[in-house]
Amino acid sequence: MRTKIVATIGPASNSREKLHELAEAGVSVFRLNFSHGTAADFVNIIKNIREVEQSLGRPITIMQDLSGPKIRLGVVPEGTIEVEKGMRLLLGPSQSRVDEMAYLPFDHEEILESLEPGDRLVLADGGLQFIVQARRADDLVLLEADNSGIVTSRKGLALPGKATKVRALTDKDKKDLADGLKLGVDAVAISYVQTADDVREAKELIAAAGQNLPVVVKLERQSAVDNLAEILAETDVVMVARGDLGVECPLPLLPALQKRIISACNKASKPVIVATQMLLSMVNSPAPTRAETTDVANAVLDGADCVMLSEETAMGNFPVDTVRYMRRITDEAEKLLLLNHNLEEPDADKGIPEFLAYSACLLANKAGAKAIVSHSLSGSSARQVSARRPPQQIYALTPDPVTVKALNFVWGVKPVFIDRPQEEPSHLIRAEQFIHDSEDFVADDCAVITAGQVKGSSSTPRGTNLVKIYWK
């Protein structure tokens, strides 16, 4: 279970029994999609997840996924409009009355004002595309259809490659975030991020509520990809949300883009999730297609920390079977990954934490260690070790209840919550005691420990600065 599985909860999976089966099948993170509900809809689900967590005796992470500023058309008076390639239409506010040609109601003033000739608009997840021809004197926007299709009310609209002034967090998101924090979610995913400011805003709201949860950035906009370096500096986790990203960029470019994003996240030691239609056929079929199997495996081989299921577990007919199949695929892909993988030395401009983690992995290989045990308050050292993709199991020990849940996003890491006894401030001794007490280790098993050597006050984190080879 090195590659983590994220499963979306919905009508097909929200009972306590199904949640227990999903967790036993390999789910580490449960996603609550706030695009399809409010906090009141998730109260019992969260209660059930916590009961499952307690019964299994391991950390389970609950990720709140905020809906974000989904940009949609208004209500089309005719109900549907049949569009032919080359057909001209007008786009503007719902209250406008237009009789001269087909009219698409659109009530996002800041976006209307930003449109320029040559801009491309995409409806219905890429099924229908328009090119902006002109802005008229009456402020309506003239469009020309680039292909044929049908327009209906409330269809989502995207502007590939165009940055807008729309912020990632809407008023609904802010309320949902506040409610989710009260319910006890463990991580927050924000949608339609464009810049690092969107991440900072989310973190400020979380901090104002007296909490410090990890933020997951969903990469759905080309502008976010363009600002990836700045976003990576602020975010805790990245999700490659291929549905909307595949609308924003040409589909033939998406596989290479996915690889570049994952590589950047690996280099920054930030966990990365690959999402959207990974095993979509299993909504109605007990087995995936060959292409889907290859897609999941390639995500693992690319370096993804997590793979995510959406409709498959939320509304599919085979939610548990889907997770089991995904686990089988990831297990096989990991064998190939580790067979061909050489530990990569960090770039020369990296700091001591990266090289210390690299040294721990080298020592583990040289000593034939069974595992690497990282004691950390923030989880940073475990993430650094994971980024090297060692063949050994990584145990991440932490006394922080937030960190233990955040580590469920990290490849190869088994998070372990440990109490912090006042009489034993030494991180090293705690790690040694864990190995000594754990049934996962038998006599003469070797482990490599990374820890912080504490001097003086135990309340002050010193950071990881020690590597030790330890035999039980």
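**Close-up views of a predicted model**

**View 1. Strand S5 within the structure.** Strand S5 (residues 88-92) is largely enclosed by the rest of the structure, because four of its five residues are buried (under 20% relative accessible area with a 1.4 Å probe, protein chains only). Strands (E, at least two residues) and helices (H or I, at least four) are DSSP runs numbered from the N terminus. This is a predicted model, in which local features need pLDDT of at least 70, side-chain atom pairs count only at pLDDT 80 or more, and totals for chains, interfaces and linings use all residues. Residues are numbered from 1 along each chain as its sequence is written, and side-chain values use heavy atoms, with hydrogens and water left out.

**View 2. Strand S5 and its pairing with S9 and S6.** Strand S5 pairs with S9 (residues 141-145) in the antiparallel sense over four bridges; pairing requires that DSSP finds at least two bridges between two strands. S5 and S6 (residues 103-105) run parallel and are joined by three bridges. Leucine 91 has valine 141 as its bridge partner in S9 and leucine 104 as its bridge partner in S6.

**View 3. The crossing of helices H4 and H5.** The axes of H4 (residues 171-183) and H5 (residues 196-208) cross at roughly 45 degrees and come within 10 Å. H4 passes H5 in a right-handed crossing. Lys174, Leu177 and Leu181 of H4 meet Glu201, Ala202, Leu205 and Ile206 of H5 in this contact (heavy atoms within 4.5 Å).

Notes:
Buried means under 20% relative accessible area, exposed over 50%, partly exposed in between (1.4 Å probe, protein chains only). Axes are lines fitted to C-alpha atoms, for helices over the stretch in contact, and angles run from 0 to 180 degrees between N-to-C directions. A crossing is left-handed if the near helix is turned anticlockwise from the far one by less than a right angle, and right-handed if clockwise.
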